[in-house]
Amino acid sequence: MSETSKTAGASGHGSVNRAKPYQLVLFPFNNGATNVYYILTSAYIAYYGGVLGLAVVFASTMVTIMRLFDAVTDPIIGALMDKTNGKFGKFRPFMLIGNLIMIVSSILLYFCTQFVPATMMPLRYVLYVVFYAIYVIGYTFQTSVTRAGQTVLTNDPKQRPLFTVFNLVASMIGMGAIQFLAPILRANVGDYTTQDFFNYMIPIAIVISFALTILAMIGIWEKDRPEYFGIGGEKTEKVKLSQYVDLLKSNRPLQRLMVAGAGCKLALAIATNTAVLCMLYGGMMGNYDGLYLPMMILGYVFSVPFFILTVRTSQKKGQKASLMRYVAVALVMYIGVLALLLLWNEENPAMHLSLYSMEGGFHLTINLYTVLFILFFGIGYGAYYATADMPIPMVADCSDYETYRSGNYVPGIIGTLFSLVDKLVSSLSSTVVGLAAAAIGFTTALPGGDDPFVPGMNWVVIILFCIIPMVAWAATLIAMKGYALTGDRMKEIQAVNACRRDAIANGMSLEEAMNKWTTMDQLPAEYREAAEK
């Protein structure tokens, strides 16, 4: 057998490791499972601080502090993951343990803390922080797998873009379920500022997240084996935690992707924050219950064609081209949203959003302002929602590039480096919203759906709902302009990695394989042909 002959395990098709359809569908549910808790913390945990009687600025600021703590724990857990290769694989233990930690911490935070007497308020503050910190550790355990696990699932340039679609579907099932159920529970059991709301919401969230975790574990089960771990399998060199900085300096595509991913996440986190939407649909438009769910559903409907478009563009021109194209669409459309919000007039109903009325029986009340808002917001939301998680499968490209560049298979480190910056930036969202709300008088509780308009609320909404996301998208476009991992470049990287992997499996040293093959034209014909299929 020649030194470049293909092994039967990870390769099987030259440079291509393809996933089965059910694996592509199920594994993204890991992100859906963690997004259930992401929404609970980003949108509602500050409200729960109010339930406990904590200061609203403290509760919202703790969201930022804990996201920073989350970011700090990322590199530690990423390094631990890269060193893990046990009986149950590299990724599945982190998925299950992480979810179980979040279940326990949620029960402690949302159900046990309330029994501390109000006369012992300092203890409430302490337990709020401690239980929140435990949750963060569990969240980091599980969410780090979303990015790292893709490297074993598939390296096919035509399959990886599909992860974005299935990931968005999984996110809609996880995150969307909470967003859909929250206003229904609010209307029937109690506002976001009541314990009754959380008594129903938390058990539902726990069940949904755990079920999605099991599905995700099934999805990665067959691929969570050493033959899929980089080019050396079990022989891959282990990177030390101290080498994080050097790796980050050398992997320029990852640097640019960090900026793009952080920009997309910041835009999504602030524009979809519950308090911001309460101010927009409730305070400004005066009908939170009649607008929030319909507008959310419309946003999802507009997202569907963009799911298809982003995949087709990614498969034909690469994920970089797809991300830049549709982020640009979102940016242009939100210029229209910004103009409409600037035209809003408290005294003029024609400059308000209005869908229907139940007075005297159901009848539509749609005006031109609403039609234009639906078009600009719908297209813009559809475009940016379809791209919000697109950097996730691109992290797998950066991991494969690192294997190509250095020979190291370190998906945990690559994924958590990306996640670290992503969390540092997105952690600002709750603090920004909390401070903005406090600036217009909401010092003891965040705005709810029934809170009336107060002076300055429209400017807070304009800044949070439009301007900050638009600036974030502009930063994304600038960062991605110099991103080197195009579709053609990834085909070359995958082919070189496959050739090196097969040679190492047949006795060649890692160093020799790294030096012998670096470009497509140096590879045997079978690898070049496989890359073009």
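These legends walk through several close-up views of the predicted model shown above. Residue numbers start at 1 in each chain and follow the sequence as written, and because the model is predicted, local features need pLDDT of at least 70, side-chain atom pairs count only at pLDDT 80 or more, and totals for chains, interfaces and linings use all residues. Side-chain values rest on heavy atoms, with hydrogens and water left out.

**View 1**
The largest pocket holds about 250 Å³ of space. Here a pocket is an open set of points on a 1 Å grid over the protein atoms alone, where a 1.4 Å probe fits, with protein on both sides within 12 Å along at least five of seven lines. Grid points are joined across faces, edges and corners, and the volume is the space filled by probe spheres set on the points. The lining is made of 21 residues, a lining residue being one with an atom within 4 Å of a point. Look for Pro157, Ser314, Gly318, Thr486 and Gly487, which lie nearest the centre of the pocket. Two or more lining residues come from each of helix 7 (160–188), helix 12 (288–317), helix 13 (319–343) and helix 19 (487–505). Helices are DSSP runs (H or I, at least four residues), numbered from the N terminus. Helix 19 gives the most to this lining, with five residues. By type, the lining divides into four nonpolar, eight polar and nine charged residues. In this sorting, Ala, Val, Leu, Ile, Met, Phe, Trp, Tyr, Cys and Pro are nonpolar, Asp, Glu, Lys and Arg are charged, and the others, Gly among them, are polar.

In helix 21 (residues 525–532), Tyr527, Ala530 and Ala531 are buried. They cover an arc of only 100° around the axis, which puts them on the same side of helix 21; the arc is that of the directions from the helix axis to the C-beta atoms. Buried means under 20% relative accessible area and exposed means over 50% (1.4 Å probe, protein chains only). Turned away from the buried side is a face with the exposed residues Glu529 and Glu532. The buried residues of helix 21 pack against helix 19, where a contact means heavy atoms within 4.5 Å.

**View 1. Gly98 and Tyr110 on helix 4.**
Both Gly98 and Tyr110 sit in helix 4 (residues 92–112). Gly98 is buried, at 0% relative accessibility. Beyond its neighbours within four places in sequence, Gly98 is in contact with Gly138, Phe141 and Gln142. Between Gly98 and Tyr139, 41 residues apart in sequence, the C-alpha to C-alpha distance is 5.9 Å. Tyr110 is buried too, with a relative accessible area of 3%. Leaving out residues up to four places away in sequence, Tyr110 touches Leu40, Ile45, Tyr48, Gln195, Phe198 and Ile202.

**View 2. Ala216 in helix 8.**
Ala216 belongs to helix 8 (residues 195–220) and is buried, at 0% relative accessibility. Not counting residues up to four places away in sequence, Ala216 touches Leu26, Phe27, Phe29, Asn30 and Met95. Ala271 is 55 residues from Ala216 in sequence, and the two are 28 Å apart in space, C-alpha to C-alpha.

**View 3. Gly378 in helix 14.**
You will find Gly378 in helix 14 (residues 368–388), buried with a relative accessible area of 1%. Its contacts, leaving aside neighbours within four places in sequence, are Phe302 and Phe373. Tyr300 is 78 residues from Gly378 along the chain, and their C-alpha atoms are separated by 8.4 Å.

**View 4. Asn458 in helix 18.**
Asn458 lies in helix 18 (residues 457–480) and is buried, with a relative accessible area of 14%. Apart from neighbours within four places in sequence, Asn458 is in contact with Met284, Trp344 and Phe453.

Counting a disulfide as a pair of cysteine sulfur atoms within 2.5 Å, the model has zero disulfides.
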